[in-house]
Amino acid sequence: TLLILALVFFIQGILLILYEKEKVMKNVTPKKIGIFLGCIIVVIAVLAVVLKDLEVVQAFINNLNKDGGILNNIRFKVQRQAISQIFEYPWGGKQMVLDMQLTHNVWLDLANEAGIISFFAFVGYTLWTLYELLRFVMKKEIAIEVKLMMVGIYTAFFLYYTVESAIRASVHFMTPWMLINGLVHGYISDND
């Protein structure tokens, strides 16, 4: 969860720079970039030295390296198992042979429980919402802050959906996404 949060902040920062590139380019000089990067390196080095012996930091590092590292996490192994079995059990019914009960991926859990028709319908819905978000972001009359907020919200939702079963295990994460999709669609429909 901490890594996902850090990734969301990183993406938000990049998007902010991209959307505000004119302002950034006016105020940024090579000297300022060097000072900024130097400060970041110093802060990271100081934090690494000061915090390295804390029990919480050691536990976090050990968890990242456990079982061959983060990409060898059981969730990703189970997701690979589910992908290889999608067409073996096209009607769902929780028949896939997995190392865990859930794949911790909203799309793959839907394929396991409801079959490939529901899976492809939901993938289609997901792609449609991304298309709608792109249309929303391309609107010139929408403030940049609102665009960044919406891209950040969608990014957070999608990152969460790739590591959790939001439909079954935590449906309260699906309802706000669908509500926001409706609001985006309504805005685009009213302003076309």
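1. The crossing of α7 and α9 is left-handed. This is a predicted model. The two helices pack at an angle of about 50°, and their axes lie 10 Å apart.

2. Which residues of α7 take part in the contact with α9? They are Phe122, Tyr125, Thr126, Trp128, Thr129, Glu132, Leu133, Arg135 and Phe136. On the α9 side they meet Met174, Trp177, Met178, Asn181, Val184, His185, Tyr187 and Ile188. By class, the contact of α7 with α9 holds 11 nonpolar, 4 polar and 2 charged residues.

3. The largest nonpolar core has 31 residues. Tyr154, Tyr161 and Trp177 touch the most other members. At least two residues of this core come from each of α5 (74-85), α6 (106-114), α7 (116-138), α8 (144-161) and α9 (174-190). The largest share, 8 residues, is supplied by α8.

4. Tyr154 deserves a look. Leaving aside residues up to four places away in sequence, Tyr154 touches Thr129, Leu133, Trp177, Ile180, Asn181 and Val184. Among these, Thr129 and Leu133 belong to the α7 side of the α7/α9 contact, and Trp177, Asn181 and Val184 to the α9 side.

5. For the overall fold, the protein has 9 helices and 0 strands. Along the sequence the pattern reads α-α-α-α-α-α-α-α-α. Of the 192 residues, 30% are buried. Among contacts with a separation of 6 or more, 59% join residues 24 or more positions apart.

Methods. Residues numbered from 1 in each chain as written. Predicted model: local features only at pLDDT ≥ 70, side-chain atom pairs only at ≥ 80, totals over all residues. Heavy atoms only, no water. Core = buried A, V, L, I, M, F, W, Y, C linked by side-chain atoms within 4.5 Å. Buried < 20%, exposed > 50% of the residue type's maximum accessible area, 1.4 Å probe, protein only. Helix = DSSP H or I, 4+ residues; strand = E, 2+ residues; numbered from the N terminus. Contact = heavy atoms within 4.5 Å. Axes fitted to C-alpha atoms, helices over the stretch in contact; angles between N-to-C directions. Left-handed = near helix turned anticlockwise from the far one by under 90°. Nonpolar A, V, L, I, M, F, W, Y, C, P; charged D, E, K, R; others polar.
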